[in-house]
Amino acid sequence: MSIKSQLLLVPILLIVFIGYLSTYVVRETEQVIITKFGEIVGTPDKKPGLYFKIPFIHEVNRLEKRFLPWDGRPDRMLNKDKEYLIIDSFARWRIIDPIKYFTSLRDLRRAISRIDDILQAATKSAVANHGVEQIFRSEPGRPLDSNGSFIEGTAGLDSNKTGRNEIEAKILANAAPRLLEFGIELK
């Protein structure tokens, strides 16, 4: 290679390098927020494709767009009958407002911590207001006696008007609005 061609190659490589630093790709499964010295610049990029940024000044912050799992730790909870139950809870969540999420939580670790706090509190509250039969039956039904047999008569039917599905709906109704404040949708 001659010196002339080497000198021509340097600016070309420099242009390619600056071009590489000036672009970023948004995948279908993510949304991107651009920050300039920690402050959000513009609106989030939610559509997949190639985007441009100012190198060394703009920072790309990638946020997941898909539903993510949350698996709560098994916890001892006191129910309505003053019995301790070990409850293991789970949920699905996603970021629906990236700006709220980024300004209040910034990262996945803080989001999981906030979801833990809110969902564990909502679950403890729901468990404390219901009996064992209500918590473990998916549908409302006749209560069981200590031997596992159905209690006959209408008086027993009034005590089990709620099933696990309704309790789960109450937990969701309690926790979902609190998580919306952070840009998180709960399923």
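Helices of at least four residues and strands of at least two are DSSP runs, numbered from the N terminus. All views show a predicted model.

**View 1. Secondary-structure elements that line the largest pocket.** Strands E8 (84-87) and E9 (90-95), together with helices H3 (108-128), H4 (132-136) and H6 (164-180), each supply at least two residues of the lining. Helix H6 gives the most, with five residues.

**View 2. The space and centre of the largest pocket.** The largest pocket holds about 490 Å³ of space. It is lined by 19 residues, and those closest to its centre are Asp 88, Ser 89, Phe 90, Glu 168 and Ile 171. By class, the lining has 13 nonpolar, two polar and four charged residues.

**View 3. The aromatic pair of Tyr 24 and Tyr 51.** The count of aromatic pairs in the model comes to one. The two rings are 5.7 Å apart, centre to centre, with 20 degrees between their planes. The pair is classed as stacked because planes under 30 degrees apart count as such. Tyr 24 belongs to strand E1 (residues 23-26) and Tyr 51 to strand E4 (residues 49-52), so that the pair links distant parts of the chain, 27 residues apart.

**View 4. Arg 76 over the face of Tyr 84.** Arg 76 lies at 4.2 Å from the ring centre of Tyr 84.

How values were computed: Residues numbered from 1 in each chain as written. Predicted model: local features only at pLDDT ≥ 70, side-chain atom pairs only at ≥ 80, totals over all residues. Heavy atoms only, no water. 1 Å grid on protein atoms, 1.4 Å probe; cavity = no way out; pocket = protein on both sides within 12 Å on 5 of 7 lines; lining within 4 Å. Points joined across faces, edges and corners; volume = space filled by probe spheres on them. Nonpolar A, V, L, I, M, F, W, Y, C, P; charged D, E, K, R; others polar. Phe/Tyr/Trp six-rings, centres within 6.5 Å; stacked < 30°, edge-to-face > 60°. Lys NZ or Arg CZ within 6 Å of the ring centre and 35° of its normal.
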